[in-house]
Structures are given as C-alpha cells and as structure tokens.
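Please walk through this structure with the sequence and the coordinates side by side.

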Amino acid sequence: MILAAASASTTRNFTITLFVIFVAITLGITVWASRQTRNATDFYAGGRSFSGFQNGMAIGGDYMSAASFLGIAGIIALNGYDGFLYSIGFLVAWLVALLLVAELLRNSGKYTMADVLAFRMRQAPVRTAAAVSTVTVSVFYLLAQMVGAGALVALLLGIQPGTTFLGMDANTARIATIVMIGALMIIYVTVGGMKGTTYVQIVKAFMLMIGALVMTVLVLAAYKFNLSSLLGDAAAKSGRGDAFLNPGLAYGREVADATQTFYNKVDLLSLGIALVLGTAGLPHILIRFYTVPTAKAARRSVLWAIGIIGSFYLMTLALGFGAAALVGGGPIRTQNPGGNTAAPQLAQALGERYFGGDIGGAFFLAVIAAVAFATILAVVAGLTLASSSSMAHDFYANVVKKGETSERQEVVVARISALVIGAVSIVLGIVARNINVAFLVALAFAVAASGNLPAILYSLFWKRFNTAGAVWAIYGGLISAVVLVFFSPVVSGSATAMFPNSDWQWFPLSNPGIISIPLGFLCGWLGTILSRERANEEKYAELEVRALTGAGAH
Amino acid sequence: MTTEAPPTASESYADVQRSPEFVGLRKALRGFVFPMTVAFFVWYALYVILSAYARDFMSTKIVGHINVALVFGLLQFVSTFLIAWLYERYSARRLDPTAAELRERVESGGTR
C-alpha cells in the first residue's frame, strides 16, 4: 500500500489540486493557441514558428511517455540493470533521426510523413499506406498510454479495493480517468492544433525534468553522491543480490530449458533493434520537425532533444536504483507487480525523509503523480494530432479528394478526425482497461521500424525507389510485425499474455523486430525491382536538391 | 515562409543536381552520415550482444559496485552526445554554406 488512510486523502487532495492547475494552465494556453491558429500551417505545424530549443523541449514532451518515466524506473527498481537497456535504446535511436531523417524531412515535406514518401510517387497508394500505418502506430501507442493511465489512477489516488473515492470504486475510477484523459486530448488537439499541443508538451517536459532532477539530487544526497554505495544498497534491498546490477534479470533470461534461453536472448536483440530503429519512424515524432522554420532549426531541435532526453534517462538510473534502495523491492512489488509505482513510491519516501514526515511524503508523492498524468496527457495529444493530420492531409485531401480541396476544408476534416480517433480510443481503452496491453508500445516501435523507416530511408537515399516499393515496404513491415506479435507469447499462450487462457502462439519471440525489420527493407527492395514502373528522375532530382539545400521548403 | 519553386523547376533542379557543387554537397553529407550511422549502430549492437551473451564479462566489477555493464551503458550516452556534437560542428562548417549557396541559386530561378 502506498499510503496510510489519513495521508492518502492528503495526497489525493494535493494530486487533484496540482493536476487541476496543470489542466487549467494548459487549457488556457490551448484557447490562446486557437486564436493564433488561422490556417492549415498553423494547425498542422504550429505556423513553423517554434525555435530549436522550444521544439527540442516539445520533442522531449512528446517522446518521454509514462512508459519511460514510470515504466523504466519500475523495471530498474525491480530488475535492476536491465531497465537501463531500454533507456539506452530510446536515446541512441535519436542519432538515426539526427543524421538521416530530421533535416531532409523538414526540407522536403509539408505536414505529414507521407509528404516525403509520396513526393515522387503516385499519390493515392502511397498516401493510403502511410495513413494506415500512421493511424495504426499511433492508436497502438495511444491505447497503451490510456490503459496505463487508467491502471495508475487507482494507485496514485490511493483507491484501495473495497474503498471508494467520490463514490467511485477502483474500476469506475479507471473508466473515468480514461474518459477524462481522452476528452482533454481531444480538446487540446481540436481547439489548439499543433500550437496548443506543442505548448502542452513543453510545459510537461519542463515539469518532468524538474521533478526528475529534484528526485535524483535527493536520492544521490542520501548516499552522499557516492554512486557505488547507492548501487550496493539497491542490490541489497532489492532481494536479488549482486545479480541486480548485472544484465539478465528481465531480458534474455537464462532458464533451465536451453531452447527457451536461446529465444530469450534473441528476443533481447530483437527488442534492441526495434528500439533504436523505431524512433525515426514514429509519425508523431516526425511531424514535430515541421514546426520549426528551417532544417537548421530542425537539427538544433534534435540536438536539444538528445540533451534533454539523455539527461532524463540518466536520471531514471538514479530513480530506479533509488526506489530499490530507499523503498525496497518488496513494498514496490506489493503495490504493483510491474513496478509502475516505483517512482511515485520513491517520491513519497524522499518527501518523508527531507520535507518533514507524512505531509512532506504525501505532498511530494502528489507532485510526482501529477507529473505522471501530465506526461500521459502530452503524449496522447501528440499521437492524436499525428493520426488526425494524416487522415485529413493524406487520406482525405490527397486520396479521396485527389488534391482538389481547400486547406480550410482539410483542417475541418482534421478536427473531425481527432474527435473520431479520440472517441474510438476512449472506447477501446475502456474495453481493454483490464487487459495487459503494455506490449503495444514495443509493437508501435516495431511497426515504425519495419514499415515506416525503410520507406523513409529508401525515399530519401535510393534513386530507383518507386511507388510499388514504398507500398510494399509499409504494408510488408506493418503486416509482418502485427501478425508475428499476434502469434507471439504476449498475445496468447502464456500467463502474462493479453489472453492468458487461450493459446494460438507459435512465434517464440515477444518482439518481432529481428524478423520484421529486415523483411520491411526486403519488401521495399523487392517491390521496387519487380515493378515495371520507372522511377521519376526529375522528381528525384527535385526531392534531392530540396532535401539537401532547403530550396523551395515550405 | 513558403517559397514557390521557380517555373522551370524540374529543369533547374536536374541541372543543380548534376552540378559539381551539389555533387560535392551530397558526397560531404553521405561521407559523414553513412559511416557514422554504421559506427554507432555497430557500437550499440556490440553493447546489446554483450549484454545478452557475455554476462560474465559485463558483470566484472571495476570500482566498488560499478561494473563493466554500467560503464558500457554510460559510454553509449557519451558516444551519442559526442556524435551529435561532431555532426553539429561538421554540418555548420562543411554543409550549411554550400547548401545555402545552392538554395539561393535554385530560388533565384537561375541555372549556371
């Protein structure tokens, strides 16, 4: 249990007050942003008016999801070193974005990922494929965040089984949270567009960095800034001993069955590849590069993002090991077997230690709980915006209307799409609220790495690449990743599966990347060479010159 | 902000693409980003592979409770920051001036 009853209500009041303040501020910004949103460029790309630093912060806010903040801290707190593998993959991935994608995409595209993919191809098939992939990736990711938020609320507000809060038991509170998060993200996106969403993400990134920094300093201070003694204490209190500081407790586990050990290790490699190649194919990340005026500003924003995200992931080490040392493996596992409450529990322990007893603990817990909700909100808003932009700009304007529509009409469709996608996500989130859907984040990365990234890289760097290649790469990567996961142990045939009581599993890995990523690249190549279509050399000249020089950039 | 391409866009784009300046720019860009991508990917893959298959090595203690795995992981952060910084420097010196010149040339509509 996080809290005794008396301080539980103190925390609740603090958490709700802080969260209401955050919502009030962000809604204020959203309304202000809506007044600044006059045309399609404002709605989709925030008027391309953000600075490199602002966009770097917003990228951080868009990228550092609850899975990063609560999930990685939790994995480290319970399984020690292995959580760090995630942090490293999530960070190194930004080099792909920096070196190969950000500037070229910024120079040659307008609003969506498909602007670059379809640049020298036939519009309808490529844009349809890109829209399907964008919506699939974003909705997977979105669902994982929403269900995660629902699961957290009961814990963070201290609603224990059998008790109620405002007349809601834990289950009702879960549903209410999903509806509330969904409603807020719809408002941010439909009213504030990219400008509103960007400011929400900047405010969130600021809160998250400050919160993590304060916790990190307090954890390190507790060990007189001696990292070794923090690690030693964490290992001792984790109940796992020395193994806690070594790789192998969570990923690539060595078990009695040699075949299973082999699969576990390949699964670790597969996860590693998907993490590092997925980021530069996530549509909600890619569209952030359009919010700055030039490619140089896009480069600066990735540099800032690398600095911000890297510092954050370094701090997750202190948070995770700090939680293991100061809270202990036992109490974390009792509260949440997945470790998702390790960071909030650490906040409470630190608050009690430094800010004066129960009230200090309740207050600091509330602060971090509010930061966690802000984190979720900023990420889901970014995802909703990415999928509605693609529905409106790619599918409606360029496929249904074949480019014969006004930008005004497009923005109306984008707003409607945000509403529809938001509503569908709320319903799916409620249906899935008691199902383990955490794997959807890893799946989103795998689809992005298997379908989107090959298509983007071929488009930018391979002269011969054509319509068939782009379509094959996207569908090939998307379908293989989804199908392999459907037949994997995360969906059926294991105790922790989405459907633990059914078994249609035959694919042995939880992460499909090691198969589906090469397959995506292979499909893109095969589609290109097997098709009779000749690459449009003039369009490639235009794309390449524009991408590299910024000539004619929007 | 929006700059429309010149009327003879395709022609001049193809001309620019063939020009020695552009060929040089492409070479300078690819000459940096491709090898660097291979380098950081191999370096990262080495880290993941060692984490999976060389557990004894990774578990070796260096100082106190700090082991090879932790140091290797932290070095991934260092290399990421370092590559980002090197790219920033390289692009400012070697890529941006030529890119700006070529952009000017395309947008003023002129070929050579």
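Leaving aside its neighbours within four places in sequence, with which residues is Gly192(A) in contact? In this predicted model, the partners of Gly192(A) are Thr30(A), Ala33(A), Ser34(A) and Thr197(A). Gly192(A) itself sits in helix α8 of chain A, which covers residues 170–222. The residue counts as buried because 28 C-beta neighbours lie inside 10 Å, and the cut-off for buried is 20 or more. Another pair to look at is Gly192(A) and Thr26(A), which are 166 residues apart in sequence but 9.8 Å apart in space, C-alpha to C-alpha.

Two helix pairs of chain A come next. Helix α3 (residues 52–63) of chain A packs against helix α12 (residues 295–326) of chain A at an angle of about 50 degrees, and their axes are 7 Å apart. The crossing of α3(A) and α12(A) is right-handed. On the α3(A) side, the contact is made by Gly52(A), Phe53(A), Asn55(A), Gly56(A), Met57(A), Ile59(A), Gly60(A) and Tyr63(A). From α12(A) come Ala297(A), Arg300(A), Ser301(A), Trp304(A), Ala305(A), Ile308(A) and Ile309(A). Sorted by class, the contact of α3(A) with α12(A) has 9 nonpolar, 5 polar and 1 charged residues.

The second pair is helix α14 (residues 342–354) and helix α15 (residues 357–400) of chain A, with an angle of about 145 degrees and axes 7 Å apart. The crossing of α14(A) and α15(A) is right-handed. Residues of α14(A) in this contact include Ala343(A), Pro344(A), Ala347(A) and Leu350(A), and among those they meet in α15(A) are Phe363(A), Phe364(A), Leu365(A) and Ile368(A). By class, the contact of α14(A) with α15(A) has 12 nonpolar, 5 polar and 2 charged residues.

Two loop residues of chain A deserve a look at their backbone. Arg48(A) is not a glycine, yet has a positive phi of about 50 degrees; its place is in the loop between α2 (40–45) and α3 of chain A. Lys402(A), also not a glycine, has a positive phi of about 50 degrees and lies in the loop between α15 and α16 (407–431) of chain A. Arg48(A) counts as buried, with 21 C-beta neighbours inside 10 Å, whereas Lys402(A) is exposed, with 10 other C-beta atoms within 10 Å.

Now turn to chain B. Its secondary structure comes to 4 helices and 2 strands, which run α-α-α-β-β-α from the N terminus on. Of the 112 residues of chain B, 29% count as buried. Helix α2 (residues 20–53) of chain B has 34 residues and so should span 50 Å at 1.5 Å a residue; the end C-alpha atoms are 48 Å apart, which agrees. Buried residues of α2(B) include Phe22(B), Leu25(B), Phe40(B), Tyr44(B) and Ala52(B).

The two chains meet in a contact that takes 49 residues from chain B and 44 residues from chain A. On the side of chain B that touches chain A, the elements giving two or more residues are α1 (9–18), α2, α3 (55–58), β2 (66–67) and α4 (68–107) of chain B. The most comes from α4(B), with 17 residues. By class, this side of chain B has 29 nonpolar, 14 polar and 6 charged residues.

How values were computed
Residues are numbered from 1 along each chain as its sequence is written. Chains are lettered from A and ligands numbered from 1 in the order in which they are written. This is a predicted model: local features need pLDDT of at least 70, side-chain atom pairs count only at pLDDT 80 or more; totals for chains, interfaces and linings use all residues. The expected span of a helix is 1.5 Å times one less than its number of residues. A residue is buried if 20 or more other C-beta atoms lie within 10 Å of its own, exposed if 12 or fewer, and partly exposed in between; C-beta atoms are placed from the backbone. Two residues are in contact if their C-beta atoms, placed from the backbone, lie within 7 Å. Ala, Val, Leu, Ile, Met, Phe, Trp, Tyr, Cys and Pro count as nonpolar, Asp, Glu, Lys and Arg as charged, and the others, Gly among them, as polar. Axes are lines fitted to C-alpha atoms, for helices over the stretch in contact, and angles run from 0 to 180 degrees between N-to-C directions. A crossing is left-handed if the near helix is turned anticlockwise from the far one by less than a right angle, and right-handed if clockwise.
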